Every structure is written in C-alpha cells, then in structure tokens.
Amino acid sequence: MRVDWKGVYPAVTTQLHANLAVDIPGTQRVVDGLIRDGIDGLIALGTVGENNSLEPAEKAALLAAIVEVTAGRVPVIAGVSEYDTRRAARFAQVAEKTGAAGLMLLPPMVYVPTPHELATYFRNVARETRLPIMLYNNPPAYRTNIDVSVLDELASVENIVAVKESAPDPRRFTDVRNACGDRYVLFAGLDDLALEALYLGAQGWVSGLTNAFPRESVGMVAAFERGDHAKAREIYRWFMPLLHLDAERDLVQSIKLAEQIMGRGAEFVLPPRLPLVGERRTEVIKRVENAAATRPELPRAKAA
C-alpha cells in the first residue's frame, strides 16, 4: 500500500491480558476503532507499542494481526527498534513480507553511535528492504541525535523518505528544512509540539494520545489544513494537559491508562514498566476525565 506520509498516525498500543500475554484480538479492536475514528495511518510496534519488551515471534504475530485487521484501509508503518544492524535488517524483511507499507527505523538501542556510524546503520538497514522508511529522532529517550550531517550523508538513499522529529525544540524543523530542503518529509513526534510542528512544515503527526482521543487529534490537523487556525488552537489548548504526558518517562503507562478510562483498551504493561499508582495515577486520571468532560465540538469523523 502506498504511503502518503501526511496526517495523523497514532503509535498504537500493544494490548495485553492480565497475565501479560499479548492480546491479539484486543490489539485488533484498538486498531479498528482508531481507523473508524478517521486516522490516516498507524505505527505498529513503536515505543508506545512496547517494541523492545516483546519477543521477535510476538512482534511478527502482532504485526501480522494489525495488517490483517487494517485490511488496506490505512497504511501500517512497522517500528524497527533493535540492538544492531543484523537484527534490524532481519525485522525489516519480516515487516515487508508481512505486508507493512513502510518502516519507522530507530537508532540502534544501547550503543550510542557516532554520526557516521549512525548513517551507516540506517543505510545498511535500508539496503535490505524495498519499503519506504521514516527515521525516528528522539535524543532525550535514545541518547542519539540524527543531526543534519547524518541526513546529508543519507540523501542518496532513496527509500529513506521521512523523519519523525521528537527533539523537544521546534527550531529543529526549520533547521532541517533549511539544510535539506524538501528532501525529507517531516513528522511531529512529540504530542505537545504537534501544532507548532505543523506550522513549521511538518506534514504529519505520529501521536501517542491519539490512542485515547483520536477524533480530536484528527480534528485538530483537519482544522489546520483547511486554514481554520482558531479551531486548531482551541483543540490544541484543550488537549495540552494530556499531550504533555507524551513527553514523560511513563508515557506508555499514561497512554494505556487513558485508553482504559476512555473504554478503548487496557492499561496492562510489560515489565519493567508497571501500571501507574499513587499520586501520579490520580493526576493522570484527573487529566483524562477532565478532557473527556470538556471535549470540543467536532464535525463527524470521515468514513473509514
């Protein structure tokens, strides 16, 4: 399936049973609900999907189930988050054979490469697949920065086409655009910088809190695209207390708890993550319940 690389792409959660076994039907229900609420594409097995806590066979089974339930309605982008080049290339090939439309390729886990090593890693993985690739830059989380020198070195790699930018500095969008022109499609990667990123040239948004409030996420981007900036700002300001959760270390627990409150999923997470407790849990519940009680008025979602 062709990827348009624009719009709202939730990083979908991996649903689990109470015994922490992977819940394939539950994950499919989550995905189907998001599509019916108007998303433009989705990220499977990203950070919010707990990629690095899953066994290889679990990843393959989950991706196959997500591709199956999606049934060509929106593109499925598979997260590739591995320790080394061999593992990353192997999973990229699995994703391609499974029917993913594209890949979201993270830097190697644990080891922090030099810029040249990082560019070589991305190039060597890209060589092993025909799928289009979005690179994922998140220096606070992964201690590796995909700087302009890396993007320059990768400019000749035709299937590296996009960058998900999660550095907590909106100036990055302008710096990359000034340095690289329109060579790469830019995506917002931090929920609480999403609207700023759209104004600065991002064509899409990879989102965590969309899992709990998909219609509002789609509505904000749609308002921006039709030039209704007042509506886009209204939705963004309403959403912001929740969007801040995406920038915290417990974002996966918070997003899954928000899903549970909204009746869209369950909050079970894979260790070492644990469900939220105490004051933090109370705070997140309060934010979600307040958002649910004050939801902005939106037009009907597009048919899926």
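**Exercise 1. Determine what span helix α2 should have, and how far apart its end C-alpha atoms lie in this predicted model.**

Helices here are DSSP runs of H or I with at least four residues, numbered from the N terminus. Just after α2, alanine 71 takes a positive phi of about 55°.

The model is predicted, so local features need pLDDT of at least 70 and side-chain atom pairs count only at pLDDT 80 or more, whereas totals for chains, interfaces and linings use all residues. Residues are numbered from 1 along each chain as its sequence is written, and side-chain values use heavy atoms, without hydrogens and water.

**Exercise 2. Identify which residues of α2 are buried and which elements they pack against.**

Taking buried as under 20% relative accessible area (1.4 Å probe, protein chains only), one finds Lys59, Leu62, Leu63, Ala65, Ile66, Val67, Val69 and Thr70 in α2. With contact meaning heavy atoms within 4.5 Å, these buried residues pack against the helices α1 (24-36) and α3 (85-98) and the strands β2 (42-44) and β3 (76-80), strands being E runs of at least two residues.

**Exercise 3. Compare the radius of gyration of the chain with that of a compact globule.**

The radius is taken over C-alpha atoms, and the globule rule is 2.2 Å times the number of residues to the power 0.38. For 304 residues the rule gives a value near 19 Å, and the chain has 18 Å, which agrees. Buried residues make up 56% of the 304 residues.

Note on methods. Buried < 20%, exposed > 50% of the residue type's maximum accessible area, 1.4 Å probe, protein only. Expected span 1.5 Å × (residues − 1).
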